[in-house]
Amino acid sequence: MSEATAQPATREPATGKLSIGVIGSGGRGINCFGKLLAKRDDARLAAVADANAVRMESAAQMLQHDFGMARFAAYTDIEEMLRGEKLDAVIVTTPDYLHADHAVAALREGVRHVLVDKPLATTVEGCLRVTRAMQESGGQVMVGFNMRHLPLIARMKEIIANGDIGALMLIENREFYDGGRTYMARWNRHYALSGGLWVHKGSHDFDVFNWWNAGGDPLRVSASAGLNALRADKIPFAVEPDVPVGPNCSSCAYKDICPDYAPPMGGPNLFNSDASAVDGYVQDTCVYLSEKDTHDNGIALVEYSNNVRASHMECFVCNFTDRFYTVVGERGTLMAHLANPTQIELRPRWGDDKIIAVPPADDADAHGGADPLLLDNFLCGIKADKTSSTSSSPHFSSTVRDGIRAVAVGQAAEIAWREGRSVAIEELVDWRDSSGSGATSATGG
Ligand SMILES: NC(=O)c1ccc[n+]([C@@H]2O[C@H](COP(=O)([O-])OP(=O)(O)OC[C@H]3O[C@@H](n4cnc5c(N)ncnc54)[C@H](O)[C@@H]3O)[C@@H](O)[C@H]2O)c1
């Protein structure tokens, strides 16, 4: 691979639009970023790289049919795309274990702006590889922490930063997720591919804690987790001796009686049978029988340097989806939950309770409105960098430092529950160098 220095953003002369490349033409790459780019007039999806050519073709047809989008250049070889296209930015949306390699490849090929969907990598060591490539190339990396752009979460950050509840003491999040399908039927159920669910999914939540508690650094993590319900001995119906279950919902003999039956999407889609024939990737693996080494419920406790404690409970065995937040400061308490995203309850320690109204997001279907705002922040950062007379970092809402901190907490939680002990963050990362990302080296884990 050739080394190249990152170039400032350039615009395609004919359209004036930023040229964006996406690595990974799956759910996030196409159904999120591809569709959002189709609606923008300042950027275009110029190229896509994915190991699965059939999936890319489905994506091209879907974007053309639904949005009138011009065909993007499709590559099955990522480096070929990076060398062959003049891209202003690349968005990495491959499975988590590939993030570091793909971000490093983009930076080394001279792409100046890279958005890596969360998590930045599956380990602190992977995050630091991205950081080093960024420093060597002069490129910029943003992490796809879309929760920061949820209006409710962003408003709570403002209230906390304003000092309206005083110095923080406690943060609690209880997360419930409807059904196990998202986490138990796909690649993310494998620790080697996702870093475990405390990293894959929990990094969202740990980032929110780290962001809200701006005055402290995560110091120590304890966690307990387990696979209680989504396992072979908990199939919720009677199984006939000669009639096997699964292996997928679509082929299962019990589809009429299984309460968790969820067929793959019908019609043309990215995960149709032609695309699956290429790589064997199906999304309706039986959530009970699927081989997995991740948890379906757990609790993690994070201790911070500023005498703040945060707990995150997550459960993927429920009939509803929500996150319930309580943030306690020395002068008041905030309470809110995502299913009611337009209000926050402020309970001052002395005085009357208040309801703080939060304006609804424009497009609540896009992860509560967070995804369009995330992309907007990335594109604005690129444009700010282009017009800036200095080469300082654009104003991305989340940086590699944020990415490392969230992964460090998630990785510590994985070690904590697997080894049955609490884990000091300094076991994983050395923060002593305050330049750049603020981290110089991985220290083990
Ligand atoms: N921010 C969020 O809210 C959010 C939500 C869901 C997923 N994510 C993240 O987005 C990323 C993608 O998740 P997804 O649900 O879209 O996954 P997905 O399975 O839908 O898509 C992944 C794509 O990567 C491709 N791919 C796999 N291996 C490849 C390789 N070696 N080279 C090139 N392409 C390869 C697959 O063919 C597939 O098209 C993950 O990192 C996940 O953690 C973020």
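# Close-up views of a predicted model

**View 1. Asn31 within helix α1.** Asn31 is part of helix α1, which spans residues 27–38, and the model shown here and in every other view is a predicted one. Because its relative accessibility is 31%, Asn31 counts as partly exposed. When its neighbours within four places in sequence are left aside, the residues in contact with Asn31 are Gly26, Met62 and Leu270. Ala59 stands 28 residues away from Asn31 along the chain, and the C-alpha atoms of the two residues are separated by 8.6 Å.

**View 2. Lys35 and its partner in the helix.** Lys35 also has its place in helix α1, and its side chain makes a polar contact with the side chain of Asn31 at 3.5 Å. An α-helix has 3.6 residues a turn, so residues three or four places apart point the same way. Lys35 has a relative accessible area of 25% and is therefore described as partly exposed. Its contacts, with neighbours within four places in sequence left aside, are listed as Ile30, Met62, Leu63 and Phe67, so that Met62 is found among the contacts of Lys35 and also among those of Asn31. Arg112, by contrast, lies 77 residues from Lys35 along the chain, with 23 Å between their C-alpha atoms.

**View 3. The buried residues of helix α1 and what covers them.** Within α1, the buried residues are Gly29, Ile30, Cys32, Phe33, Gly34, Leu36 and Leu37. The elements that cover these buried residues include the strands β1 (18–23), β2 (43–49), β4 (89–92) and β5 (113–117), together with the helices α2 (53–67) and α12.

**View 4. Ser398 in the loop between two helices.** Ser398 is found in the loop that runs between α12 (370–387) and α13 (400–419). With a relative accessibility of 0%, which is under the 20% limit for burial, Ser398 counts as buried. The side chain of Ser398 reaches the backbone oxygen of Val143 at a distance of 2.6 Å. Not counting residues up to four places away in sequence, Ser398 touches Val141, Met142, Val143, Phe145 and Arg148.

View 5. How many cavities of 30 Å³ or more does a search of the whole structure find? The search of the whole structure finds one cavity of that kind, and about 110 Å³ of space lies in the largest cavity. The lining of the largest cavity consists of 14 residues, of which Cys249, Cys252, Cys258, Cys286 and Tyr288 are the closest to its centre. Sorted by class, the lining of the largest cavity has nine nonpolar, three polar and two charged residues.

**View 6. Two cis peptide bonds.** Most residues other than glycine have a negative phi, and most peptide bonds are trans. The peptide bond from Lys118 to Pro119, however, is cis, with omega near -10°, and Pro119 is found in the loop between β5 and α5 (124–137). The peptide bond from Gly246 to Pro247 is likewise cis, with omega near 5°, and Pro247 is found in the loop between β8 (218–226) and α11 (273–279).

**View 7. Two residues with a positive phi.** Asn307 has a positive phi of about 65° although it is not a glycine, and Asn307 is found in the loop between β9 (297–304) and β10 (309–318). Is Asn307 buried or exposed? Asn307 is exposed, because its relative accessible area is 54%, where the limit for that class is over 50%. His367, which is not a glycine either, has a positive phi of about 50°, and the place of His367 is in the loop between β14 (354–357) and α12.

**View 8. The whole protein as the setting for the close-ups.** The secondary structure of the protein comes to 13 helices and 17 strands, and the C-alpha atoms fill a box of roughly 70 × 60 × 45 Å along the principal axes. The radius of gyration of the protein is 22 Å, which agrees with the value near 22 Å that a compact globule of 445 residues would have. Of the 445 residues, 53% count as buried. Among the contacts with a separation of 6 or more, 72% are accounted for by residues 24 or more positions apart.

Conventions:
Residues are numbered from 1 along each chain as its sequence is written. This is a predicted model: local features need pLDDT of at least 70, side-chain atom pairs count only at pLDDT 80 or more; totals for chains, interfaces and linings use all residues. Side-chain values use heavy atoms; hydrogens and water are left out. On a 1 Å grid over the protein atoms alone, a cavity is a set of points where a 1.4 Å probe fits but cannot get out, and a pocket is an open set with protein on both sides within 12 Å along at least five of seven lines; lining residues have an atom within 4 Å of a point. Grid points are joined across faces, edges and corners, and a volume is the space filled by probe spheres set on the points. Ala, Val, Leu, Ile, Met, Phe, Trp, Tyr, Cys and Pro count as nonpolar, Asp, Glu, Lys and Arg as charged, and the others, Gly among them, as polar. Helices (H or I, at least four residues) and strands (E, at least two) are DSSP runs, numbered from the N terminus. Buried means under 20% relative accessible area, exposed over 50%, partly exposed in between (1.4 Å probe, protein chains only). Contact means heavy atoms within 4.5 Å. The radius of gyration is taken over C-alpha atoms; the globule rule is 2.2 Å times the number of residues to the power 0.38. A polar contact is a pair of N or O atoms within 3.5 Å; within protein, one must be able to donate a hydrogen and the other to accept it, and residues adjacent in sequence count only if both atoms are side-chain atoms.
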